Amino acid sequence: MILKTLLAKFPSYVNEKKIELYNEFSLQHELGIFLRNELKEYVVQFERNISFFRINKKLVKKEIDIVIYKKDMSEKYAIELKYPRNGQYPEQMYSFVKDIIFMEQLKTEGFDATFSMVLVDDKLFYEGKISSEIYDCFRGGKVISGIYYKPTGKQKEIVEVQGSYLVEWKNFDKDKRYYIIETR
């Protein structure tokens, strides 16, 4: 499967076709359309519940943004997407981490490959003061691994990343940056 290569080609496709990505929904659908056109022998679907794949455990999330699979289920892939539009930096960064954990969980549940893709048009996601560990992962090159605490709110939510992942921001276009992480 060439999914990792296709995900890396998506920014060029968007720029060549002059497709406007204006929120997470548009990102999800444009990426899904692109993948559906490229992967004709696979099924590409949106917002699939994990129960469709006979996963009955409690995972950090229930819905997968994009799933790609062969009809006989001999191969299956998952992609989680984020395109935050309203700041909330530590909360969104925590959400990015939770997506990585969700993808790790799906990998453990038998998915062949899982990816987390984040697109931003606000430089404060990748530049600025590092005031906590979560900021350091997205602004300072610290590896995402281990335990993370929900940065705001009354809840004392804690999550744990099993693997180790480095965020490498790349230019999407003149105004946006993105990263893609393949979970292990």
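Tyr89, Phe96, Phe125, Tyr126, Phe138, Trp169 and Tyr179 form one aromatic cluster. The model is predicted: local features need pLDDT of at least 70, side-chain atom pairs count only at pLDDT 80 or more, and totals for chains, interfaces and linings use all residues. Residues are numbered from 1 along each chain as its sequence is written, and side-chain values use heavy atoms, with hydrogens and water left out.

Rings of Phe, Tyr and Trp (its six-membered ring) pair if their centres lie within 6.5 Å; planes under 30 degrees apart count as stacked, over 60 as edge-to-face and the rest as tilted. The count is 17 aromatic pairs. Phe52 and Phe53 pair edge-to-face, at 5.0 Å centre to centre and 90° between the planes. Phe52 is partly exposed at 29% relative accessible area, whereas Phe53 is buried at 8% (buried, under 20%; exposed, over 50%; partly exposed, in between; 1.4 Å probe, protein chains only).

Tyr89 and Phe125 are also edge-to-face, with 4.9 Å between centres and 65° between planes. This pair links distant parts of the chain, 36 residues apart. Tyr89 lies in helix α3 (residues 89-108), and Phe125 in the loop between β4 (113-120) and α4 (133-139). Helices (H or I, at least four residues) and strands (E, at least two) are DSSP runs, numbered from the N terminus. Tyr89 is buried at 19%; Phe125 is buried at 1%.

The charged end of Lys70 is 5.2 Å from the ring centre of Tyr42. For Lys76 over Phe111, the distance is 5.5 Å.

How values were computed
A charge sits over a ring if NZ of Lys or CZ of Arg is within 6 Å of the ring centre and within 35 degrees of the ring normal.
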